[in-house]
Amino acid sequence: MQKNKILSARLFFVAAFFTLLSLHHLAYLFTALIALWIVSFPKIVPLTIRVIRSILIFNLGVSLGYAAMALWRHEAPWEYLFYINLKVYLLTYFVFWFFTHYSIVQIVGFSKDLSYLTTIALSQIFSYKKSFEELRLAYLSRGWRLKDKNPAFIARAFEFFLEKSFYDANERTLAMKARGFFRD
């Protein structure tokens, strides 16, 4: 029964994701978004906050760049910018909503390698998140406010994450080689 549920969830995710990806009219996108909001009703606000926080910087950069190029060419970019940002929001919202109901590790469990890579990625994400939170608390415990932006502390934190990423990448590569991911 559990295997059938996971298989159905996998098929639903792939079908729904590609269906949403294939929508090209604003009316269809809005309809899909409203349907998704209805399905996720009690969690609309928290999911929306998570989605906006995760896509804001990238989408803002891409949108500003596209708008600047379009305006330089004397074209109106607004309709396309609205369309593409709505589509990114919808797809991201769907993915976040879906994975509040199912474990990503279970969904990719059909492949031993994909399951292993997902577990590695998730462990690294949680490790970095924990380190970031500890550094943030250390910063606050010194009586500094986050808006003070102590340059020495920030430089050391950046250096810490850079060293950590190099070390972790080396360790992950060795672990993956030991499991046969690379055939040199």
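From the N terminus on, the elements of the protein run α-α-α-α-α-α-α, with seven helices and zero strands. Helices (H or I, at least four residues) and strands (E, at least two) are DSSP runs, numbered from the N terminus. This is a predicted model, in which local features need pLDDT of at least 70 and side-chain atom pairs count only at pLDDT 80 or more, while totals for chains, interfaces and linings use all residues. Residues are numbered from 1 along each chain as its sequence is written, and side-chain values use heavy atoms, with hydrogens and water left out.

The radius of gyration (taken over C-alpha atoms) is compared with a globule rule of 2.2 Å times the number of residues to the power 0.38.

| Quantity | Value |
|---|---|
| Radius of gyration of the protein | 21 Å |
| Box filled by the C-alpha atoms, along the principal axes | roughly 50 × 50 × 40 Å |

Of the 184 residues, 27% are buried, meaning under 20% relative accessible area with a 1.4 Å probe, protein chains only. In soluble globular proteins, nonpolar side chains tend to be buried together.

Leaving aside neighbours within four places in sequence, L20 is in contact (heavy atoms within 4.5 Å) with L29, A32, K87, L90, L91 and F94.

Terms used: Buried < 20%, exposed > 50% of the residue type's maximum accessible area, 1.4 Å probe, protein only.
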